[in-house]
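Subject: Structure handover and notes

Dear colleague,

Please find the structure we spoke about below.

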Amino acid sequence: MSQLKGYSDFKHFLISSPSEYVAHVEINRPSKLNAFTEEMWIELGRVFAKLSHDPEVRAVVFSAAGDRAFTAGLDVQAASQGGLVGDNGEGDGARLATKARRQIVEFQDCISQIEKCEKPVILVMHGISIGLAIDIACCADVRICSRDTKFAVKEVDIGMAADIGTLSRLPKIVSSFSWVKDVCLTARGFGADEALAVGFVSQVLETKAKAVEVATKLASFIASKSPVAVQGTKELLNHARDNTVADSLKYTSVWNSAMLQSNDFKVALLSGLKKTKPRFEKL
């Protein structure tokens with residue numbers, strides 16, 4: 001595994017390339033259970049914005065360093081010291097609210113860069129995966145976890161409604177809205193098998209190492225395919241999730257009227273006929 005060129009300046013994330021056109025991003029604060037500070041989520045947004053437009057990357061594996069946690073969520077102590085939570089300062093209510101709203105929107109935008117990334121993101125969770133972990137997971141394209149993963153939408157237990165994406169995205173991911181309300185209203189924990197049963201994750205592996213291995217193989221397989229086709233498929237699936245069938249069909253027709261002009265279409269067809277492995281240009 002080699003370091004991915006151009007990503008050495010990031011402080012809180014390890015970014016490597018385990019195989020051709022695959023990036024591996026790891027949260028790197030294991031001594032604090034990978035809990036997020038403001039500096040970390042801002043950097044996360046920068047990482048995925050850069051990966052989105054990097055022609056050397058076609059798929060991303062996202063995991064976390066250490067054995068105990070994917071992430072314990074927000075570093076509440078750091079957030080309170082920075083004024084993000086628990087700020088009861090005096091002043092005009094509207095101005096205090098505006099400041100808070102802007103901070104929340106900035107936080108949302110940083111985490112949403114995972115979803116906005118043009119490349120498929122395969123998330124691997126293990127151990128403690130609570131609060132912000134669920135927000136992050138909901139932005140990923142494919143979710144895999146190890147059997148020891150302990151999930152929770154924890155925000156109710158710290159006196160707030162989740163506001164970084166879980167309440168907006170989770171109901172569109174899993175099969176039961178009743179289950180979503182159950183785990184969000186109670187903040188109760190749930191394990192890997194329950195997450196698999198409702199469709200929150202698509203695979204459960206025995207260990208973190210095995211989960212990362214499976215995710216890397218999947219990312220490599222996706223990266224071997226046409227980047228025009230893969231990135232278009234992600235864009236169209238996300239559009240379909242948030243729009244009507246009629247609007248999605250119209251959007252797809254416009255999208256493909258441009259994308260079918262790519263040489264990838266011809267290359268893929270000819271390789272299928274000749275039974276050879278296609279090679280696609282960088283995008």
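Predicted model: local features only at pLDDT ≥ 70, side-chain atom pairs only at ≥ 80, totals over all residues.

Residues are numbered from 1 along each chain as its sequence is written, and side-chain values use heavy atoms, with hydrogens and water left out.

Of its 16 lining residues, A140, D141, K234, L237 and N238 are the closest to its centre. A pocket here is an open set of points on a 1 Å grid over the protein atoms alone, where a 1.4 Å probe fits, with protein on both sides within 12 Å along at least five of seven lines; lining residues have an atom within 4 Å of a point.

Helix α4 (132-139), strand β8 (142-146) and helix α9 (227-242) each supply at least two lining residues, and α9 gives the most, with six. Helices (H or I, at least four residues) and strands (E, at least two) are DSSP runs, numbered from the N terminus. By type, the lining divides into nine nonpolar, two polar and five charged residues. Nonpolar means Ala, Val, Leu, Ile, Met, Phe, Trp, Tyr, Cys and Pro; charged means Asp, Glu, Lys and Arg; the others, Gly among them, are polar.

Eight of the eight residues of α4 are buried. Buried means under 20% relative accessible area, exposed over 50%, and partly exposed in between (1.4 Å probe, protein chains only).

Salt bridges

The structure holds 18 salt bridges, each a side-chain nitrogen of Lys or Arg within 4 Å of a carboxyl oxygen of Asp or Glu. One of them joins D141 and K234 at 2.9 Å, N to O. This pair links distant parts of the chain, with D141 in the loop between α4 and β8 and K234 in helix α9, 93 residues apart. D141 counts as partly exposed because its relative accessibility is 29%, whereas K234, at 7%, counts as buried. Both residues are also among those closest to the centre of the second largest pocket.

D182 and R188 meet at 3.0 Å, N to O. D182 is partly exposed at 29% relative accessibility, and R188 is partly exposed at 27%.

R241 and D242 form another salt bridge, at 2.9 Å, N to O. Salt bridges that share partners join E115, R169, K172, R241 and D242 into one network.

Backbone angles

Most residues other than glycine have a negative phi. Y21 has a positive phi of about 65 degrees and lies in the loop between β2 (13-19) and β3 (22-27). Y21 is buried, at 10% relative accessibility. N34 has a positive phi near 55 degrees, sits in the loop between β3 and α1 (38-52), and is buried at 0%.

Surface patch

L260, F265 and L269 make a nonpolar surface patch of about 310 Å². Patch residues have over 30% relative accessible area and no salt bridge; like charges are joined within 9 Å, and nonpolar side chains (Val, Leu, Ile, Met, Phe, Trp, Tyr) within 5 Å. Accessible areas come from the Shrake-Rupley method with a 1.4 Å probe, and for residues only the protein chains shown count as cover. F265 lies in helix α11 (residues 263-274) and is partly exposed, at 48% relative accessibility.

Regards
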